Amino acid sequence: MKNFLRRLRKHSRISYYSFWFLIVFYFVSFFADLLVPYHFDEQFRNKPYHPPTKIHFVDNEGKFHIRPFVYNTSMDDPVFRTYREDYSIRYPVKFFVDGHERKVLFVFKTKKYLFGVDRPAGIFLFGTDTYGRDIFSRLLYGGRISLSISMIGVLISFVLGMITGGFAGYFGGITDQILMRMVEILMVFPSFYLMLSLRAMFPLNLSSIQVYFLIVLILSLIGWAGLARIIRGMVLSIKEEDYVLAARSLGLSHWKILVFHILPNTFSYTITAITISVPGYIIGESALSLLGLGIQEPYPSWGNILSSTVGNLKVIGDAPWLLLAGAFIFIILINFNILGDALRNVLDPKNW
Amino acid sequence: MKKLVLKRLLQVVPLLIGMSFVSFIIIQSSPGDYFAQMKMNPEISPSTIEHMKTSFGLDRPVIVQYLMWVKNICRFDFGVSFAYHIPVRTLIKFRVKNTLCLAVFSIFLSWMIAVPLAVLAGYREGSWFDKLFSLLAYISISLPSFFVALLFVYFISKTGVLPLGGTRSVFDISAGSFTIFKDYLRHLLVPGLVLCFVNTGWLFRLMKNNFVEVFNTPYILAAWARGLPAGSVIFKHTLRNALNPMFTILGMEIGNILNGAALTEIICGWPGMGSLVLEAVLSHDLYLVMGSLVISGFLLIIGNLIGDILLAFFDPRIRLS
């Protein structure tokens with residue numbers, strides 16, 4: 001691992017930073033509920049489409065304060081949703097403030113939030129949505145959902161691709177024919193249409209947890225085909241190696257040769273392939289949620305934060321901060337792409 | 001050449017069969033009876049339903065149903081949409097035309113942009129020009145089409161320079177066909193540019209890699225050594241060979257474009273296949289979903305076919321082997 005990091009760093013500094021950035025980001029989204037100022041579901045009904053809260057150091061009399069603070073805001077014009085700051089009271093930003101009780105890390109119940117301001121003021125780093133929910137908190141929570149779906153999905157495809165690709169390549173003959181025809185047929189459809197059609201097989205009103213697993217299922221069902229084809233090709237060439245013949249003459253079973261001696265040799269490639277294909281899963285999940293077919297309200301995902309802007313020029317014009325969800329997707333994708341490119345070179349045995 | 005095309009056409013047949021079978025299975029395993037909703041609709045008489053049942057053979061075994069369904073599909077009969085109450089064919093025909101216009105427009109535009117830039121960047125590999133455009137390509141690859149579309153929509157909602165949604169805003173009957181065409185193009189511009197932006201990045205990268213690969217081969221060195229002018233080396237000897245692999249990815253590109261187009265259409269309000277299939281899924285219009293799925297798969301197969309034939313046409317190594 002250390003060796004790998006050193007090689008990655010030597011190959012390109014940027015990809016090394018991308019690697020750590022992604023690790024940090026995954027940690028952040030896993031511990032999202034420890035970091036957010038509000039629960040994803042908490043609504044400030046009198047503050048819909050609130051722009052990002054201004055954080056002040058200097059009050060309106062020109063006095064400097066070492067502790068940053070915010071002003072409470074009230075709606076000025078309900079049609080254009082403009083807000084005015086009320087300069088009479090300062091609300092300093094505090095650590096460990098009390099709020100509504102929520103569950104942290106799926107188990108613990110707590111009232112404490114890492115940071116925040118006293119009510120009725122609010123600290124909305126990225127503004128609020130139509131119900132006055134804090135976008136920053138929803139983005140962090142949404143990252144947990146979007147990133148975990150893509151991770152689980154890619155792992156399932158990986159296992160499926162390994163099994164089918166390994167079988168097809170190693171045993172050849174009729175198994176190979178059948179499996180590869182299946183893969184080809186699956187790859188005939190443009191993935192978006194296949195995704196929507198598969199989604200149409202299930203009722204639209206599923207519970208959130210059902211939808212979550214449904215999306216994982218659909219994405220991995222679409223994704224395994226490409227992996228299987230590549231792994232098959234690799235297995236085809238590896239099985240001609242002398243050490244496979246040696247293992248065979250030592251009396252190892254086919255199963256053992258495949259699992260312990262051939263498939264591990266495809267790992268360096270598959271890790272690259274996984275890194276390159278994660279973006280596809282993130283886009284798939286976001287696209288489904290964006291269209292209202294994925295993660296349902298009130299649970300946030302990067303796709304469904306964007307969904308209120310689709311086909312609604314007024315919302316998109318009034319509350320462009322909703323588009324930050326797209327920026328999050330973009331940042332994650334570009335890091336995966338940079339890392340994937342670097343891994344392709346670093347993990348290639350030819351370059352060792 | 002003829003033999004090659006014929007062989008390639010024959011390979012398509014099992015794919016078509018498999019594709020139709022998968023589509024059929026997807027729709028068969030969907031919950032709810034197609035006719036359950038129609039029976040509740042007083043506008044549709046029971047005799048119509050009976051007629052449809054026999055025409056689709058829904059009272060027979062599944063395999064017979066499949067065969068009858070395929071027979072209907074070969075005549076482009078995809079059944080009746082129960083959200084719109086008109087034949088799916090009529091709906092799809094109009095939408096496919098729009099999606100194809102969008103796809104052709106954006107593919108053409110992105111080739112026109114990507115190939116010259118890639119040649120320039122590949123010719124001067126490592127220069128600031130190369131670095132700048134490689135960075136832009138990275139950004140273009142990492143931007144999801146729906147996000148670009150949303151950014152465009154935001155931009156247009158602020159400036160209003162281009163029309164958004166639909167295919168026309170001139171409803172004057174006396175308008176000449178040229179006015180209508182111009183209007184259509186103006187509406188095409190927003191989704192077209194979005195798709196072009198998303199598509200150009202990876203085309204640029206592929207093209208640049210191909211170009212650099214060919215540019216570093218010994219026969220190019222030989223061409224330089226013989227004192228051929230730069231234009232001849234670059235365009236006649238390098239570019240032609242570097243372009244060949246690009247035709248094979250045409251099929252993949254059409255797949256990408258169809259995926260991207262679907263989301264872009266939905267966000268930009270362009271009435272194409274993508275927005276149709278979304279409406280169909282939301283209203284549980286199964287025959288429409290199935291029709292769109294079959295057509296989209298069909299388009300992808302055709303795209304791959306065209307790519308292979310073009311490759312054979314341009315690459316004598318394949319044509320003559």
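This is a predicted model: local features need pLDDT of at least 70, side-chain atom pairs count only at pLDDT 80 or more; totals for chains, interfaces and linings use all residues.
1. Contact between the two domains of chain B involves seven residues of domain 1 and six of domain 2. On the side of domain 1 that touches domain 2, helix H1 (residues 2–28) of chain B gives the largest share, three residues. By residue class, that side of domain 1 of chain B has three nonpolar residues, four polar and no charged.

2. The secondary structure of chain B consists of 14 helices and zero strands.

3. The C-alpha trace of chain B extends about 80 × 55 × 40 Å along its principal axes. Of the 321 residues in chain B, 37% are buried. Among contacts in chain B with a separation of 6 or more, 72% join residues 24 or more positions apart.

4. Helix H6 (residues 128–142) of chain B can be checked for length. Its 15 residues, at 1.5 Å a residue, should span 21 Å, and its end C-alpha atoms are 21 Å apart, so the two values agree.

5. Which residues of H6(B) are buried? They are Phe133(B), Ala137(B), Ser140(B) and Ser142(B). An α-helix has 3.6 residues a turn, so residues three or four places apart point the same way. The buried residues of H6(B) pack against helix H5 (88–123) and helix H8 (177–215) of chain B, and also against helix H13 (324–346) of chain A.

Notes. Residues are numbered from 1 along each chain as its sequence is written. Chains are lettered from A and ligands numbered from 1 in the order in which they are written. Helices (H or I, at least four residues) and strands (E, at least two) are DSSP runs, numbered from the N terminus. Ala, Val, Leu, Ile, Met, Phe, Trp, Tyr, Cys and Pro count as nonpolar, Asp, Glu, Lys and Arg as charged, and the others, Gly among them, as polar. The expected span of a helix is 1.5 Å times one less than its number of residues. A residue is buried if 20 or more other C-beta atoms lie within 10 Å of its own, exposed if 12 or fewer, and partly exposed in between; C-beta atoms are placed from the backbone.
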